[in-house]
Every structure is written in C-alpha cells, then in structure tokens.
Amino acid sequence: MFDAKIPAGPLNSKWEDYKGHCKLVNPANKRNLEVIIIGTGLAGASAAASLGELGYKVKAFCFQDSPRRAHSIAAQGGINAAKNYQNDGDSVFRLFYDTVKGGDYRAREANVHRLAEVSGNIIDQCVAQGVPFAREYGGLLSNRSFGGTQVQRTFYAAGQTGQQLLLGAYSALERQVALGNVTMYNRHEMLDIVKIDGKARGIIARDLITGELERHFGHAVLICSGGYGNVFFLSTNAMGSNVTAAWKATKNGAYFANPCYTQIHPTCIPVSGDHQSKLTLMSESLRNDGRIWVPKKQNDTRKASDIPEEERDYYLERRYPAFGNLVPRDVASRAAKERCDAGYGVGTSKQAVYLDFAAAIERYGKVEVGKRQMGNVSKEEIIKLGKEVVAEKYGNLFDMYAKITGENPYEQPMRIYPAVHYTMGGLWVDYELSTTVPGLYSLGEANFSDHGANRLGASALMQGLADGYFVIPYTVGNYLADEIRTKAIPTDHPAFVEAENRVKETINKLFAAKGTKSVDFFHKKLGKIMWDKCGMARNEKGLLEAIEEIKALRAEFWKDVRVPGEANEFNPELEKAGRVADFLELGELMCMDALNRRESCGGHFREESQTEDGEAQRDDANFSYVAAWEYKGEGKYELHKEPLVFEECKPTQRSYK
Amino acid sequence: MEHYNMNLTLKVWRQKNKNDQGRFETLQAKNISSEMSFLEMFDVVNEELINEGKEPVAFDHDCREGICGMCSMHINGRAHGPWDGTTTCQLHMRAFKDGDTITVEPWRAGAFPVVKDLTVDRSAFDRIIEAGGYISVNTGNAQDANCIPVDKTKADLAFAAAACIGCGACVAACKNSSAMLFVSAKVSQLALLPQGHPEKQSRALNMVAQMDKEGFGSCTNTGACEAECPKEISLTNIARLNREFISAGFSSEK
C-alpha cells in the first residue's frame, strides 16, 4: 500500500508516458461515476469544473456560503509558470530545479517536474477564462519576481491574484452546475469518510443551516480542503480554515505526511494585542521593491525617518547579496527573528522589522520623469509620481496595511513580522494524488507533495490549479476505469450508518461536556503551545513538553468545553468545536514529527542542527525521506518512511549568498 | 496612532432562523481596544455571552482581510459601516469612541433571507453567475496566453470590475434591493476582454433575467451601491451593462 507509483523512465518523459498509458473511461460510463469533492478553493473548484466537463457526476462541498469564498481567494502575490516570456533564462527545468531546491530537497522530484511541465497550461487556461492578469502597454502579460528565483516568472493581478484565479475556477464550476454536471453543496461540512471493502465510497456531511447529517455516495472522494495553519490559532488563514476533512481521512487510514513542515511567512502585519483573531499577510511581491532593515543600534527608539541611512542595517542584503531581499521565506523569517531576538526589533512590541519603499518610490518616480520627458523637476514631484507607480502595483496591500495599523505606508516604512501562513505537510499521496486509501485522493495544500520543507512564493496557486485542472482528470480516470461495474451503493449500507453514528457520537460528546470555557479559549491555548514550541525554532526539550501539554489540554477540552445552542440548527460554535477537537490531535502529531526529524530543513528549524552562521543544517544521510504517519488510535501513530531519490537535483547545502 | 479603550452599547438584530420574526437586542461591549477590528469586538462580546451561558451572535465571516466577501453587517445604517471602501472585517474600532451606541443589522433584501441573527443567504448570487457569468472554455481548450494581446486600458478596467467580492453590500445599500452593480461588474469584466466576446450578448440577457427571477429590484440610478461598495466598483459598469443588454436585445439572433 505504500508505493509512490512514480512512472519509470527519464524525469522529463514520465508524465507524457503516464498520460499515454493510463486507463480511460468512455463518456457513457463517466455519466454513471460519481466523484465527491471536499473544498472549493483552487484545487477543489478546478477539479470539480474539469471533472464535470469530462462528464463525471460531481458533488462539491464547501462550508462557506458560496464556493467563491474559499481561502485561495486571499492569495495575493502571484502564480509561477515557466513561460519564459521575459527571455531571462527560464525553462521547465529551471522552475523544477528552483522548486526542489527551495523545498530544501525534501520534495519528490517526479511530482515537482510534472508541476513545472503543466505550469504554462495553467496561465493559458486562466487567460481563456477571462482572468484579468496584469499586462504591459503592448497588451501582453506582465511578470514579476518572487523569492528564491532569479528570473521573472510570476504572473499576477495586482495584489489579488488568488482572487482572480479562484473566481475563474468558480465561474467554470458554476457553469458546470448550470449544465447539471456538478451539484454544489454550500454550507456543508464533511465530518467523516465512508469506507466499504477498504475503498473510499462516500462521506457524512452536516448541513450547517439545519444541522442535519447527510450521507453521500461517491466512487471516489477528493480532499481539497487546504492547509492546517490554524492549529496555531493565529495565522494568515481564514477563520474557518481547518484540518477536519484531512484529519478524518487520516483516522480512516490515509497517512499524514511531514506534518511538522509549516511555512512561517516573513512579511505579515505584527500582532497588536490579545484580542487578535488572525494575522494579515503583506505579499511577498512587496520584497521586489521593499527593502527590509532594522536599526544598527539595539533598542533604538527613534522614528524610522530619524534614522540616517548609514545607521540602518539592511540585513538580508548584507547576509545574502546574491538574492538580497528576495531570499526564500524560511530564510527571511529566521533572519527577522534573529534580529528581533538580538534586540534590534522596532515598534512598541520590538517584534517587528521595517519594510521600506522609499528607495523604490524615488526610483520609479525618476523613471516616470524620464518616460514623460519632464526634464528637471523637484524631488516632491518625483516622489509623487513614484507613489502613483507603487500604488498601481501594490495599492490594495498598502490600503489594507493602512486600515489595520492606522499608519500610512507611503510615508513611513511598514512594520512586519513573520506569521504562520502555509503548511507544506498534508495527506500523503502517490504520483496519482491518491492517498493510501484506494479511491481517496488529495489535491492542493491538503496534500504534501510538491513543496518539500519550504514552499516558494507564487507556487501554491500553481500547485492547486495544476492538481485540479491538469493532473486529477487523468489520474482519477485511471482508477475509475476499473469501477465502471460498481453501481451506486445505497446509503443505507451499514458502513454509512456506522460512519454517521460516529459523527453523532462526537457531536453529542461536544455538547455533553457542558463545561465552563469557550472553544476559543482552548484554541488560543493550543496555538500558544504550538507557536512557542513548534514554531519558527524547535528543540527536543520544548517538543517533548509540548506533547505533554497538548495531551493535557485535549483532556481538559473534552471535560470543560462549553458549546452553546443545539445540534439541529445553524451553530457556528459547534462547527468551531469540532475543528478545534481535530487540531488538538493534529498538534500532537506535528510535535511528534518535529521531534523525530532531528535535522533542520526549510521551514523546520531544529536548534540542535544549524551551521556555524545559523543556517538550517540538513542531515541527508538520516532524514532524506518523507515521514508518513499512520493513525493507530488516539495519540498513537506508526511512522512509515518514503525514501527520497534525487536524480536531477543533487542535494547541496542551500545557498542564497 | 493613539490607542484607547471604550465601552459601547450594541443594538444587534437577533433572529433564531428564517421563520422567526426577529428583534433588536441591546448588548454591552466593554473594554474594547481601538486597535480591534469590528469583528474582533464581536468576538469579545460573544465570548462574554458564552461565559454567561447565553447564545452568541451568529455572523458570517471568514478571511478577515477584506477579500472573501463573507462578512456582511449593516452598521449604523450603512453596509459595512462608516468607512468608505471597507468591508466589515477591515473596519477598525478607532472609527468609534467611548460611549457610542452602534446598531448592527443583517443585509436587508427580499432576495437575501436571514439565516440567523446577522447571517443571510446569498445563494441568489451564485445562481446569477450560473446563468452566464463565465466564458465557456473547457480545461485544455486554451491557446497560448500571449496569442491575443489585450489593450492595457481595457484589461485594467476589466480587473477593476473583477475586483467585486460578491458580498452583497450593493444590494443591502439599495432602496430597491437591486443587484445591478454585482451583475454589471461580471458582465463588464467579460465584455471588456476579447475572450468574453463570443458570449457577450447571451451573457447580458441571461444574467439580467436570472437577477429579475431572484427577486432583486430595479435600478433607479441613485448610486448608493457604488458609495457603499467595499471594493469601490464603479457605477459606469451599470452603464456598460445597460448598453450590452440593450444592444443584445436589438441584435441577438435568438
């Protein structure tokens, strides 16, 4: 059951070979095959649309009031593709190589190469759907740079790229709804998987308006439910983002891979107080033009504008001259933490660094003056023109910053600090995106497959859409071709009854506690444990403590949680309670995984394993594997190792110097 | 920014479900920091209600960064509250001062029935998109993305229209509960791009027909929608929709 099913042959022909030889399902049979899709973000919506177009009977579920609200909508900066429109040396191989290296040699080569191969098709598809990407005056598409690369391959729509891509996929999905190929279940939450004879055959979902539990049959089930960053309570994820669907899959036998790989994004608006409910990202694209610095003097309390140029430490440019402000996220985050921990942080909390646009504003202003042949103009005029250019590129981000902080980022530098943003770990999947349970697939952020131990910017959107538009239509067909003789199984089958009873039992248990503390109380406590001991830096002692603390917190949760209202009504507190219950289990597994991996790689930084100058020190001899955990009852997991083999990208110490 | 704390009186709409008649309830919000977002203020109030053994106020929210379009509160008579170009989740408490009374209602529109308290059902918007808010292109059909250059001005206008987050503030702000700004934003985005041309007539006709079927009112050009839109979608989109609709009516071959 533990075979990655990577096709034989040279890396750059594996996917062509696979497509040429996988089984197909004829159109008449497709109409009788039902596919359930959980989540309608980029992966789920693109899969639902594409499978609907092929003629499968698709049922798609989202907990929000519309599929258009999935959290992919909030992705800001852009989407990578190896188009080489800029003639700057890009290629499929280069994108593949950057991604494997960016992931600190902890991703599977074959999957990443396929991702790079289909990246160009994604841009074509989105443009055809009417996604309004940024364009140059000649009418062709514009590109910008992102971290961890030296080419310009990122396509974007201001700071709202995720929104535009998701609305494209959502439109395609709604078109299939209108055509009757997709049935959409809004405000529904999947609460268990139904397995019959070892195969995934359906789900139990709760109608969030009526509270009714529903049974749905499917020949295959696709988990496209996103990441689990909210285990930290504070993250850039949406309030509703959760691990529940993926966790139910885990409890039904799907392995969970590399749970400790979490991405802490370097540029987020810092925490302002205890009331904070979420953190807001300031796109990595800002690092194209923003320069990151702290004062050279410790505990400097002067205003940013009062600190002269020579007393500023542009520490990323100093430490990493080759990539400068555009080093990958894990590197930039650790560097910010290092400066703040050493006493150079800024702002009232001292847990922040500056992201400064003054130089970019002046530079763009001068370009405009030249372009418009304005001759000698005042500095004020140059700055004014420069601000207009910056506003066109990043206007919505600057506005958002101003609303949240009450400060004007055109006039003074932004204050930023790292925050939990993305989870590279997720359900273990093979080359076909199948979990270890036959018929159960996982796409997008919910799976572990493409980003190794650190994801490069603008690659999440690429992966979500690659999985949904261009991979799953082939791979799920290869499975369903053998299912054409399986008639729809009636939902009074004992397996459905049993799964529904499990769900009912959990809901009853949540109400039965009748305790004294709200769900958020426990969620915040869990988040603090995770951030302090399984966050940006981890060590053995802290992780061992965290595991005990989480166990105790979980016991307290079930004894003392208070869930108001009833099960048979719209009850957001009940929804939260179920999700936090799952986070309380996942958190423990994340710490176990972090404890097991006694090396530093990408976003996983074990203090015991660093180079002399504080960079992450991998241990390829002992840890060049995917850690896939099998659930064996509460708090018990068995570790399976999938060795990673590198044929094209030979692992080296990652250097951005 | 100067930080301060405040005590507030909230008059909040409470309604158990769509069949309940509903009423205002007065709640106290104590010790609210000016740095909180409006929804974080509600988190504090709800935490208090739960601790007192009462039912928290149900409201829709998700991303809390102004882009998912889920939050939807009518605050002191304005959709999304007092700040222009801002969603409820991005409204911050420094917009208020100590001792203020704040009235909070759900979106009011026949086509948006109340689900519970401040939560409404906006599925009518999905059905309008189903009627034609797309370009009919199956996965795999596309040619190279740079094959068709697009005039940058038009591409920028299309993007400005596509920035709509589908929150429904335009409907809530309109005395007629018209959905014209929402519909026109999608029709404009796709009509402005060459990729959207083949279907532009049927799109305008079908989306408007569905809008009427859902029970949204007519547009009388008062402009309240544009004034309250958190993404500042322009009224000129409605003019463009009218042009598309009328010319489609005259020249459609169907």
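1. In this predicted model, helix H14 of chain A, which covers residues 519–533, and helix H16 of chain A, which covers residues 572–596, have axes that come within 10 Å and cross at roughly 25 degrees. Angles under 35 degrees count as roughly parallel, and H14(A) and H16(A) are therefore described as roughly parallel to each other. The crossing in which H14(A) passes H16(A) is left-handed.

2. The residues that bring these two helices together can be found in the structure by name. From H14(A) they are A:Val519, A:Phe522, A:His523, A:Leu526 and A:Met530, and they meet A:Glu573, A:Lys576, A:Ala577, A:Val580, A:Phe583, A:Leu584 and A:Gly587 of H16(A). Sorted by class, the residues of this contact comprise 8 nonpolar, 2 polar and 2 charged.

3. Helix H3 of chain B (residues 152–162) packs with helix H5 of chain B (residues 180–192) at an angle of about 155 degrees, and their axes are 8 Å apart. Because angles over 145 degrees count as roughly antiparallel, H3(B) is roughly antiparallel to H5(B). The crossing of H3(B) and H5(B) is left-handed. On the H3(B) side the contact is made by B:Lys154, B:Leu157, B:Ala158, B:Ala161 and B:Ala162, while H5(B) supplies B:Ala185, B:Ser188, B:Gln189 and B:Leu192. By class, this contact has 6 nonpolar, 2 polar and 1 charged residues.

4. Turning to the place where the chains touch, the contact takes 65 residues from chain A and 68 residues from chain B. On the chain A side, the elements that give two or more residues are helices H3 (42–54), H5 (109–129), H6 (161–178), H11 (379–405) and H16 of chain A. H6(A) gives the most to this side, with 9 residues. The residues of the chain A side divide into 26 nonpolar, 23 polar and 16 charged.

5. Helix H1 of chain A (residues 14–21) shows how burial can be arranged around a helix. Its buried residues are A:Lys14, A:Trp15 and A:Tyr18, and because they cover an arc of only 90 degrees around the axis, they lie on the same side of H1(A). Among the elements that cover the buried residues of H1(A) is H5 of chain A.

6. For chain B as a whole, the secondary structure comes to 8 helices and 7 strands, and the C-alpha atoms fill a box of roughly 65 × 45 × 35 Å along the principal axes. Buried residues make up 54% of the 254 residues in chain B. Of the contacts in chain B between residues at least 6 apart in sequence, 71% join residues at least 24 apart.

7. One loop residue of chain B deserves a separate look. B:Asn138 lies in the loop between helix H2 (123–130) and H3 of chain B. Is B:Asn138 buried or exposed, or does it fall in between? B:Asn138 has 16 C-beta neighbours inside 10 Å and therefore counts as partly exposed, since burial requires 20 or more and exposure 12 or fewer. The C-alpha atoms of B:Asn138 and B:Val104, which are 34 residues apart along the chain, are separated by 43 Å.

Definitions and conventions: Residues are numbered from 1 along each chain as its sequence is written. Chains are lettered from A and ligands numbered from 1 in the order in which they are written. This is a predicted model: local features need pLDDT of at least 70, side-chain atom pairs count only at pLDDT 80 or more; totals for chains, interfaces and linings use all residues. Axes are lines fitted to C-alpha atoms, for helices over the stretch in contact, and angles run from 0 to 180 degrees between N-to-C directions. Helices (H or I, at least four residues) and strands (E, at least two) are DSSP runs, numbered from the N terminus. Angles under 35 degrees count as roughly parallel, over 145 as roughly antiparallel, 65 to 115 as roughly perpendicular and the rest as oblique. A crossing is left-handed if the near helix is turned anticlockwise from the far one by less than a right angle, and right-handed if clockwise. Two residues are in contact if their C-beta atoms, placed from the backbone, lie within 7 Å. Ala, Val, Leu, Ile, Met, Phe, Trp, Tyr, Cys and Pro count as nonpolar, Asp, Glu, Lys and Arg as charged, and the others, Gly among them, as polar. The arc is that of the directions from the helix axis to the C-beta atoms.
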